[in-house]
Amino acid sequence: MINSQITDEEIWQLCERVKLKDYVFSLPKKWDSVIGEGGCQLSGGQRQKLCIARALCRNVKVMIFDEATSSLDNTAQDEVMEVIRDLSSRMTIILIAHRLSTITFADSIILIKKGNIVGKGRHDDLIKNNEYYKSLYKKSLGE
């Protein structure tokens, strides 16, 4: 349930937390600007950040991201991942991802192949001890 008692100051703080404040300030009418039905005038990264802010209004303890950066360019991906990394110090984050570069900071990575867990651990440990993970990671880097 969205917090119906949220103040303007809390909304600004959320926008700052998800790195949207500068964008809002750049709009001709700031908060009163029309961004189109379904946010059609927003970039993919801006839509993702707005969705994250909306979830934060609900004061969630666990947030699940399923391919959070799959449709984003590299710049937008980096911006969204910065927000997610920041949030990970405040709540439990579950990331479902094919891009291994987006999960290297995770406390625990669970590697699944054909429905079976074939590895579990931190990025550095998996690189050292799991040939399958290591080969996937190298492929993702273009090696």
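Five bridges join strands E1 and E2, which run parallel. This is a predicted model. The largest pocket has a volume of about 760 Å³, and E2 gives the most residues to its lining. The structure also holds one cavity of 30 Å³ or more and two aromatic pairs.

- Strand E1 spans residues 62–66.
- Met63 and Phe65 make up the covered face of E1.
- Val62, Ile64 and Asp66 make up its uncovered face.
- Asp66 has Ile96 of E2 as its bridge partner.
- Ile96 is also among the residues closest to the centre of the largest pocket.

**Largest pocket**

- The space in this pocket comes to about 760 Å³.
- Its lining counts 23 residues, and Leu95, Ile96, Ile103, Ile109 and Ile110 are the closest to the centre.
- E2 leads with five residues.
- The lining has 17 nonpolar, four polar and two charged residues.

**Second largest pocket**

- This pocket has a volume of about 400 Å³.
- It is lined by 19 residues, with Cys15, Leu20, Val24, Trp31 and Leu50 nearest the centre.
- Helix H1 (8–17), helix H2 (21–26) and helix H3 (44–57) each give two or more residues to the lining.
- H3 provides the largest share, five residues.
- By class, the lining splits into 15 nonpolar, two polar and two charged residues.

**Cavity**

- The largest cavity holds about 50 Å³ of space.
- Its lining includes Phe65, Glu67, Ala68, Thr69, Ser70 and Met81.
- Leu95, Ile96, Ala97, His98, Arg99 and Thr102 also line the cavity.
- Six of the lining residues are nonpolar, four are polar and two are charged.
- Phe65 belongs to the covered face of E1, and Phe65 also lines the cavity.
- Leu95 and Ile96 are among the residues closest to the centre of the largest pocket, and both line the cavity as well.

**Aromatic pairs**

- The structure holds two such pairs.
- Trp12 and Phe25 are stacked, at 4.9 Å centre to centre and 20 degrees between the planes.
- This pair links distant parts of the chain, with Trp12 in helix H1 and Phe25 in helix H2, 13 residues apart.
- Trp12 has a relative accessible area of 18%, so it counts as buried.
- Phe25 is partly exposed, at 43% relative accessibility.
- Tyr133 and Tyr137 have ring centres 6.3 Å apart and planes at 10 degrees, so this pair is stacked.
- Both tyrosines lie in helix H6, four residues apart, about one turn of the helix.
- Tyr133 and Tyr137 are both buried.

**Charges over rings**

- The charged end of Arg85 sits over the ring of Phe105, 5.6 Å from the ring centre.
- Lys113 lies over the face of Tyr132, at 4.5 Å from the ring centre.

**Backbone at Lys114**

- Most residues other than glycine have a negative phi.
- Lys114 is not a glycine, yet its phi is positive, about 50 degrees.
- Lys114 is found in the loop between E3 and strand E4 (116–121).
- Lys114 is exposed, because its relative accessibility is 79% and the cut-off for exposed is over 50%.

**Ile84 in helix H4**

- Ile84 is found in helix H4 (residues 74–87).
- Its relative accessibility is 0%, so Ile84 counts as buried.
- Ile84 and Lys120 are 36 residues apart in sequence.
- In space, their C-alpha atoms are 21 Å apart.

Technical notes: Residues numbered from 1 in each chain as written. Predicted model: local features only at pLDDT ≥ 70, side-chain atom pairs only at ≥ 80, totals over all residues. Heavy atoms only, no water. 1 Å grid on protein atoms, 1.4 Å probe; cavity = no way out; pocket = protein on both sides within 12 Å on 5 of 7 lines; lining within 4 Å. Points joined across faces, edges and corners; volume = space filled by probe spheres on them. Nonpolar A, V, L, I, M, F, W, Y, C, P; charged D, E, K, R; others polar. Buried < 20%, exposed > 50% of the residue type's maximum accessible area, 1.4 Å probe, protein only. Phe/Tyr/Trp six-rings, centres within 6.5 Å; stacked < 30°, edge-to-face > 60°. Lys NZ or Arg CZ within 6 Å of the ring centre and 35° of its normal. Pairing = 2+ DSSP bridges.
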